[in-house]
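Dear colleague,

Please find below the structure that I am handing over to you. My notes on what was found in it follow directly after.

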Amino acid sequence: MDFSGDYPAERERIERGGAEKYHQAAAAAGKYHARERIRRLCDPDSFREDALWANPDPSLPADGVVVGSATVQGRPVRLVANDSTVKAGSWGARTVEKIIRTIEAAQLEQHPIVYLVDSAGARITDQVQLFPGRRGAGRIFHEQVRASGKIPQACALFGPSAAGGAYIPAFCDIVAMVDGNASMYLGSPRMVEMVTGEKTTLEDMGGARVHCEQSGVGHFLCRNEDEAIADVRRWLSYLPSNWTQPAPVRAARPALPVDLAAVIPPSESAPFDMRDFVKGLVDQGSILEVQARWAGELTTAFARLDGRPVGIVANNSAIRGGVLFSDSADKAARFVNTCDAFNVPLLFLADVPGFMVGSAVEHAGIIRHGAKMIAAVAEATVPKICVVVRKAYGAGLYAMAGPAFGSDAVLALPTARIAVMGAEAAVNAVYANKIAAIDDPAQREQFVADRRAEYEADVDLRRLAGELVVDDVLAPEELRDDLIARYRRLSHKDRRFADRRHPITPV
């Protein structure tokens, strides 16, 4: 093609994407064009496109994907954006090559990569060219895995991510999904019915709510595309550009004026929302909760203390008593791994009765899932501090970075209790037969009360501090300043852990 005469018009045609009717359909569904998504994500006039001319076929402008580099909040990023107006954003051979080259470039430059996904998957008609080869679609996931833990990888999912393409979001560090439009699935409803006989819908099988509330693949459930883009921008603001850099510091803000002591109920069995406690501890307006709709018994969130990022893992007794289940263990393990990879210190706020028990959870592999969380906590070498807010019982103490797990400090509030189990459960476990043998109700009640007092005296907080189980006991209003000082001191911590290729993670 001779560019001397029609180059500007041809470029404009390619940048326009697919036919007008597809643009109209997208707009009716509340969807932006791929290039508009890039514009809203990135700093003004910072995007530089690569491989615009990828496919000379007029029906496949840019081969259905826009790739290039830009800055987000002043920091360089690499971008991949499916153009759903071109064959529903499906992949051809050049689409795949463009994506692979972009991930490779992000690794070479050590810059984050953002995937703006809206794709029907591979073009079956092109499968020989795009699917099986050494530079085929599988290479995308190989490169994502190579990049994992080296550079942040974020995905905003605006439409479908179908079949093998669903693994692009799965290999990202976070996935923001637009409610009502975004979906992830390995087989379409028609394929599912053909293979299994099940009749389902795309939304019920792999919609945004399914993945943000049930499967745990999604991290942010967003009302619209602007919210998804904002979540990605905000998430990136807590992380460095790559694993070798410190997490970025922002201007410090005071915490909200919350009476932290009043947030904690006097009874250890009374539920309360730990997120209310967090609001009074960290910089005002700095909380970004991750996977808020999934496994809510455990809260995971980024925040800032005196302007410095911190990753928070907190038990939330307002949901299922704060007991740890398989999903909450997986949620914690992934979040801890992310923070550790990208140099974000960890803060554990413990109010945990332990892991759930019973045949249902054992059949579901809770020991394996719990081991995954405990392994992630043990392997994390970033500064990590455990604060026992109310209770830390059984293996819950271990999972929440208790004294044996290399924590740089284990702090306790005056309300804290640390034990194998609570007094009521312990007395029942040890003295069940004796209790049953006492006929007089008053005598039985007194016997139980005496045994509970003995048990609580044995695990008295003052004694635990004397035995160096906890490093300090602080009033709630002292905690924020103490944490700020400790994290500052730990900013140059030696992070060596073990010489090996990699652990055998209990996945």
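The UniProt annotation "domain: CoA carboxyltransferase C-terminal", from an unreviewed entry, covers residues 253–500; UniProt positions are given in the numbering used here, feature names are shortened, and annotations may be inferred rather than shown by experiment. The end C-alpha atoms of that span lie 41 Å apart, and 42% of the span is helix and 18% strand.

Please note that this is a predicted model, in which local features need pLDDT of at least 70 and side-chain atom pairs count only at pLDDT 80 or more, while totals for chains, interfaces and linings use all residues. Residues are numbered from 1 along each chain as its sequence is written, and side-chain values use heavy atoms, with hydrogens and water left out.

The chain contains 21 helices and 16 strands (DSSP runs numbered from the N terminus: helices are H or I, at least four residues; strands are E, at least two). Its radius of gyration is 26 Å, close to the 23 Å that the globule rule gives for 507 residues, so the chain is as compact as a globular protein of that length. Here the radius is taken over C-alpha atoms, and the rule is 2.2 Å times the number of residues to the power 0.38. Of the 507 residues, 52% are buried (under 20% relative accessible area; exposed means over 50%, partly exposed in between; 1.4 Å probe, protein chains only).

How many aromatic pairs are there? The count comes to 8, where rings of Phe, Tyr and Trp (its six-membered ring) pair if their centres lie within 6.5 Å; planes under 30 degrees apart count as stacked, over 60 as edge-to-face and the rest as tilted. One of them is the edge-to-face pair of Phe-141 and Tyr-167, with 6.1 Å between centres and 70° between the planes. This pair joins distant parts of the chain, helix H6 (residues 138–147) and helix H7 (residues 167–170), its members being 26 residues apart. Phe-141 counts as buried because its relative accessibility is 16%, whereas Tyr-167, at 37%, is partly exposed.

The charged end of Arg-304 sits over the ring of Tyr-238, 4.2 Å from its centre, and that of Arg-451 over the ring of Phe-447, at 4.6 Å (NZ of Lys or CZ of Arg within 6 Å of the ring centre and within 35 degrees of the ring normal).

Yours sincerely
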